[in-house]
Protein chains: 2
Amino acid sequence: MPRNSNQLYTDYTTLLQKAADINYASAVLGWDQETYMPPKGAEYRARQLATLASMAHEMLTSDKYGKLIHELSQAPDLNDTEKSNVRLSLEDYERNRKLTPEFVEELSRQTSECFNAWIAARKQNDFSLFAPSLSKMIALKRQQAEMYGYKAHPYDALLDEYEKDATVEMLDPIFNGIKQQLPVLLKKIKEAPQVSNECFHRNFPKEPQWAFGIDVLKQMGFDFEAGRQDYSEHPFTTSFSSTDVRLTTRVDEHNYASMLWSCVHEGGHGLYEQGLPEEQYGLPLGSAASLGIHESQSRLWENCVGRSHDLWKFFYPKLQKYFPDQLKDITAETFFKASNRVEPSLIRTEADELTYHFHVMIRYEIEKELITGALDPKDLPAKWNELYYKYLGIAPKDDKTGVLQDVHWSHGSFGYFPTYTLGSFYAAQFFDQAQKDIKDLKEKISRGELTPLLEWLRDKVHKHGRRYTSEELCQQITGQKLDPQKFFRYAAEKYREVYGIDL
Amino acid sequence: MPRNSNQLYTDYTTLLQKAADINYASAVLGWDQETYMPPKGAEYRARQLATLASMAHEMLTSDKYGKLIHELSQAPDLNDTEKSNVRLSLEDYERNRKLTPEFVEELSRQTSECFNAWIAARKQNDFSLFAPSLSKMIALKRQQAEMYGYKAHPYDALLDEYEKDATVEMLDPIFNGIKQQLPVLLKKIKEAPQVSNECFHRNFPKEPQWAFGIDVLKQMGFDFEAGRQDYSEHPFTTSFSSTDVRLTTRVDEHNYASMLWSCVHEGGHGLYEQGLPEEQYGLPLGSAASLGIHESQSRLWENCVGRSHDLWKFFYPKLQKYFPDQLKDITAETFFKASNRVEPSLIRTEADELTYHFHVMIRYEIEKELITGALDPKDLPAKWNELYYKYLGIAPKDDKTGVLQDVHWSHGSFGYFPTYTLGSFYAAQFFDQAQKDIKDLKEKISRGELTPLLEWLRDKVHKHGRRYTSEELCQQITGQKLDPQKFFRYAAEKYREVYGIDL
């Protein structure tokens, strides 16, 4: 006798939410690991995390769950929300089941080894110490792509993990556009009178930096009753429910930009997490649409809002109150321009919002070749340096500031980097739409009124969780697919103001 | 074909250490809950903790584990350490299996309800709001005692959970001794010239309080590479392995005693956790002997060392450097005496180390009667106030400073309080022995040389984990069973110095 759909759906949410409890517990352990854990705690923390991960994985790939979710996907009387959850869960299940338990275990082991090798190689500033481990990792990722299956390009199978439906076919034109349009823009900027960012490199004590960062987050609408900010070596956002969202930041007393932009960036991620529907806790509709959409939220706040002239009309007098001596000779205008200085540089995470996309594109080109086998991992540094010289006109002097700078490959995260560029482009397109939908948005921002924008994002993006793919969401919000030209127009407008150039 | 003992033992440690991973993960979530969690995080945190707890419980009460541990307990070729682990695990298993899953769930649900009722009742300062929920809890605890079984007194079954082998038969003489001997001591102190603790109640800013606390912990030997201290509303110690031990403390700028003694007390707990054998992670021999022994470590450091004249010969000049203005007119002698002021008071956690035992005794008397049914929960406040007046000569004016002050009953922790007194008494007896075993211990302490004492505790207590019961440990360390007279002699000596009384 078939059980009724209600009962089945309850069984399904019970199981999925239990798995979510475990995964969120892992997130707490991970957060503590990066913020407060004493050094000797690392070894046992790693095994505790591994145990939790394998328990959640076991639950979500069990035959019992498979049977339940298959049965439920045939149930006639579910509402739209329930149907969306079930459809997405079935997709996840089928995807997860494509990997054998042995493969998952081997990948997990290789990830630990590869991460340690990366740490050691970085310390010694020597890529050759990382190469053998990375080669093994790439072999596993190729195997994984085969297990997942793909239509056109093995890299598509890996991309899909971070950005559903993203493919080489979709990304190649985007990065080709960057290759064509970005150099034109950069050339004009290079020929224009340069902008200084010296005002960020004065002495900014830690405490007022922190206090101003918190002020900014509050003004953005981050709910400190449902989240907090702490210090960590690398800023990140994590959440343990939509009512407990953790941001981290770091402080450099001689580079105020470091903390300021990380606050706004992570704040954007955090607002998305706080805006996910609480009643969908642990279910697909309670989680973010994709990494690209997540990044669109952080970059919209960081770049479109945070580095805008409008925002600093409101915030700059407040900032000056925190740093009266340091900023007494700097105008809001100078500060705005300094915030948008463009200069080719070696380190991705410190790049301006324009040259940033070359950093991503270089990794994208390299990853595709690594996955197809066209590029031998041992030739990576040479390839890296060649591409940096070609696109940015500079080349790293060592591996640390070059090929060893990012952690991602050691984690096996191939296909992740493109979401950074997608995020920026979605951000520009969404922000363009927001200006159409919200009356006088820029004026509002210049008065510090950020609530209308947050409410718009809540309504257009946050509340939907994973209900729509990135492209569906984009279509729905802006009436068209992702259009990179929105980004280039946004950039042209900004740099016209900053550098006085005409495009 | 029977598997060999090695294989069985490996299966056993794998399972037990996996359960430990989950329980330690719960501890991380619990720690965060008390230190950093934003208020709106509470609801989902509770469900995450419940999920982890039930998973660990399931593993440790499964038939599969039972079969394994029974088989292993018959294995011929285990070494002593392995045998001890297996014996203790079998005891735990059989004890856990006495409770039905339905009962465990009901108890867990009632604990949440009872805790919330306690919070509400405390807020309203009205015991009657707590009484119905507490009655249900007591009924469950009676049922639990029956399930566990006992020889003489139902309370014995509950005591055993916190202090193995502790019974009413063992505790009655101890508390009767307190009833007889303590009033004599208190009377003499009352008649002697009084000691002031005004020097603790000056204005002590937060930062130097914290910094001095950390200095003290370092001097005690607490390893900050394998642990840390944070703030919380109520100080506590927790650990996620012997290499990651967390202490918390609180600061009152107008009562320096609050932070100072909590640092030393929790530091004592923390040193025990750091001293547990790392290679026994997750196994019985990797955990503490009992709550009483745990408390002996915190009280030995707090009272026998921390409130000694000797220690402050070393530390007082350092403390004065942190607070030159506040303490310029106070001598080390005055500070030592202030640290040991005796005065009957209403709140257990703020009591001096002498009257403290009346607080415990009163709860012990009440708990026995609640469990047998001799005392109706609704008559609790009257009984409470009567006993406070009888033994301490004061009675609370309201429930908040009386019967509602402790969280324990709302957690269902009946049989827990006596471990506080046992801990003090073990501490005095151990410290007496340490002075015999370590040459010039007091002189060493007065020079700040605390390592010999820590090494002695490591060797005599910490490294054994749960291998011995409290009483076995006591016998082994001091050559005799727990002897409350050691405490009274220790107290007589201390108060002779503080109050100039002769006993």
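Over the ring of which residue does the charged end of A:Arg363 sit? The ring belongs to A:Phe417, and the charged end of A:Arg363 lies 5.4 Å from its centre. A charge sits over a ring if NZ of Lys or CZ of Arg is within 6 Å of the ring centre and within 35 degrees of the ring normal. A:Lys218 also has its charged end over a ring, that of A:Phe224, 6.0 Å from the centre.

This is a predicted model, in which local features need pLDDT of at least 70 and side-chain atom pairs count only at pLDDT 80 or more, while totals for chains, interfaces and linings use all residues. Residues are numbered from 1 along each chain as its sequence is written, chains are lettered from A and ligands numbered from 1 in the order in which they are written, and side-chain values use heavy atoms, without hydrogens and water.

Turn to the aromatic rings. Rings of Phe, Tyr and Trp (its six-membered ring) pair if their centres lie within 6.5 Å; planes under 30 degrees apart count as stacked, over 60 as edge-to-face and the rest as tilted. This rule gives 85 aromatic pairs over all chains. Take A:Phe200 and A:Phe335: their ring centres are 5.0 Å apart and their planes stand at 40 degrees, so the pair is tilted. The pair links distant parts of the chain, 135 residues apart. A:Phe200 is in the loop between H8 and helix H9 (206–220) of chain A, and A:Phe335 is in helix H13 of chain A. Helices (H or I, at least four residues) are DSSP runs, numbered from the N terminus. Both A:Phe200 and A:Phe335 are buried, meaning under 20% relative accessible area (1.4 Å probe, protein chains only). Both also belong to one aromatic cluster, whose members include A:Trp261, A:Trp312 and A:Tyr316.

Next, helix H20 of chain A, residues 484–499. Its 16 residues reach 22 Å from first C-alpha to last, close to the 22 Å expected at 1.5 Å a residue. That expected span is 1.5 Å times one less than the number of residues. Among the buried residues of H20(A) are A:Phe487, A:Phe488, A:Tyr490 and A:Lys494. The buried residues pack against H8, H11, H13, H14 and H16 of chain A. Just after H20(A), A:Gly500 takes a positive phi of about 65 degrees.

Finally, the two copies. Chain A can be laid on chain B with an RMSD of 0.1 Å, by a turn of 180 degrees and a shift of 0.1 Å along the axis. The copies are thus related as by a two-fold rotation axis. Superposition is by least squares on the C-alpha atoms of residues with pLDDT of at least 70 in both.

Methods. Helices (H or I, at least four residues) and strands (E, at least two) are DSSP runs, numbered from the N terminus. Buried means under 20% relative accessible area, exposed over 50%, partly exposed in between (1.4 Å probe, protein chains only). Contact means heavy atoms within 4.5 Å.
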